[in-house]
Amino acid sequence: MQTKTTPGAMLKAMREKPPLVQCITNYVAMNIAANVLLAAGASPAMVHAAEEAGEFAGIASALTINIGTLSTQWIDGMQAAAKTAASAGKPWVLDPVAHYATAFRRNAVADLLALHPTIIRGNASEIIALAGGESRGQGVDSRDPVEQAEGSARWLAERQRAVVAVTGAVDFVTDGERAVRIEGGSALMPQVTALGCSLTCLVGAFAATAPEDIFGATVAALSTFAIAGEDATLGAAGPGSFSWRFLDALAALDAETLDARARISAA
Ligand SMILES: Nc1ncnc2c1ncn2[C@@H]1O[C@H](COP(=O)(O)OP(=O)(O)OP(=O)(O)O)[C@@H](O)[C@H]1O
Ligand SMILES: Cc1ncsc1CCO
Ligand SMILES: [Mg+2]
C-alpha cells in the first residue's frame with residue numbers, strides 16, 4: 001500500500017483516486033470552491049437540500065459544512081448530513097463563518113459542534129470567539145492575528161477532540177497535542193472572497209484521501225494553498241488576476257514541488 005506521509009504524497013494519492021466531497025457551502029463560495037477542488041484533483045458536489053443532504057453524505061467520502069449564507073432550511077440539511085457522516089465514521093469539516101455575529105449563527109454552530117466535527121477550520125477571529133474569547137472580527141473578515149488565536153485553537157481542539165486549523169498570514173494547526181505553523185500564501189488571498197471557504201472544502205478532500213491521518217491531511221491542504229498562493233502572486237496585477245492564476249497554480253502544483261517548498265514548523 002502506498003504511504004501517504006507527506007503533503008505531496010497525499011496530493012498524489014488524491015489525484016490518483018479523486019474523492020467525492022460533499023460541500024455544503026455558501027452562495028458566495030460555491031463556484032470558486034468547486035473549481036478549487038477540481039484544480040487540486042478532487043470531485044466536488046455542492047449538495048445541501050434537507051431532502052437529500054443526509055442521503056448524499058452516505059455516498060460521499062467526506063463532508064464540509066460552512067454557515068456563510070445560512071437559512072433554516074440549510075440548517076436542516078447540515079444537521080442531516082453531519083449526522084450521517086458522524087455515524088458512518090466519515091471525516092467532516094466545520095467552517096463557522098462569522099458565527100459571533102448573530103444569535104442565529106451562534107446557535108447553528110453550537111448544534112453542529114455537538115455533532116463532533118473531525119476538523120474545524122476558521123480565521124483567527126472565528127477561532128478566538130469559538131473558544132469564548134473577545135474577537136475583533138467584522139462580519140466574515142478576521143481582524144485578529146493568528147498568533148493571538150493559537151491558545152484558543154489548542155483549547156478548542158482538546159475540548160472538541162478535533163483538529164483545529166486557524167488561517168491567516170501564518171497558519172496554525174493543532175490536534176490539542178501536536179501543533180505546527182505553515183508559512184506561505186499571499187497578502188492577496190484575503191482580497192479574494194471565499195478562498196478560506198474553498199480551503200475548508202479542500203481540507204475535506206485531503207481528509208477523504210487520508211482519513212487515517214486527519215492532522216497530516218489538514219496540514220497538507222493548508223500547505224497546498226500556501227504554495228499555490230505564492231505561485232499565483234507572481235505576475236498578478238491584483239485580486240482579479242490572482243484569482244484565476246491561483247486555480248492554474250493549484251492545477252500545476254506537483255507532489256515533489258509541494259514537498260520541497262512547504263514550510264511547516266513545529267509550534
Ligand atoms: N496575509 C496573508 N498572507 C498570506 N496568506 C494569507 C494571508 N491571509 C490569508 N492567507 C491565506 O488565505 C487562505 C484563506 O484564509 P483566510 O484566513 O483568509 O480565510 P477566511 O477569512 O475564512 O476567508 P473567507 O471567509 O473569505 O473564505 C489561507 O490559505 C491563508 O493561509
Ligand atoms: C462575503 C461572504 N458573506 C457571507 S459568506 C461570504 C464568503 C466569505 O466568507
Ligand atoms: Mg471564512
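The space taken by ligand 1 is the largest pocket of this predicted model, a pocket being, on a 1 Å grid over the protein atoms alone, an open set of points where a 1.4 Å probe fits, with protein on both sides within 12 Å along at least five of seven lines. The model is predicted, and local features need pLDDT of at least 70, side-chain atom pairs count only at pLDDT 80 or more, and totals for chains, interfaces and linings use all residues. Residues are numbered from 1 along each chain as its sequence is written, chains are lettered from A and ligands numbered from 1 in the order in which they are written, and side-chain values use heavy atoms, with hydrogens and water left out.

The volume of the largest pocket is about 890 Å³, taken as the space filled by probe spheres set on grid points that are joined across faces, edges and corners. Its lining comprises 38 residues, with Asn 123, Thr 167, Met 189, Pro 190 and Gly 196 nearest the centre, a lining residue having an atom within 4 Å of a point. Two or more lining residues come from each of β5 (119-123), β8 (179-183), α8 (195-209) and α9 (214-233), and α8 provides the largest share, four residues; helices (H or I, at least four residues) and strands (E, at least two) are DSSP runs numbered from the N terminus. By class, the lining holds 17 nonpolar, 14 polar and seven charged residues, with Ala, Val, Leu, Ile, Met, Phe, Trp, Tyr, Cys and Pro counted as nonpolar, Asp, Glu, Lys and Arg as charged, and the others, Gly among them, as polar.

Around ligand 1 there are 18 residues, of which Arg 121, Thr 167, Asp 171, Gly 196 and Cys 197 come nearest, a residue being near if one of its heavy atoms lies within 4 Å. Polar contacts (pairs of N or O atoms within 3.5 Å) include a polar side-chain atom of Asp 171 at 2.7 Å from an oxygen atom of ligand 1. Taken alone, ligand 1 exposes 630 Å², of which the protein buries 87%, with areas from the Shrake-Rupley method and a 1.4 Å probe.

Ligand 2 is surrounded by Asn 26, Val 28, Gly 68, Val 97, Val 140, Thr 193 and Cys 197. Taken alone, ligand 2 exposes 290 Å², and the protein buries 74% of that.

Technical notes
A polar contact is a pair of N or O atoms within 3.5 Å; within protein, one must be able to donate a hydrogen and the other to accept it, and residues adjacent in sequence count only if both atoms are side-chain atoms. A molecule sits in a cavity or pocket if more than half of its atoms lie within 2 Å of its grid points.
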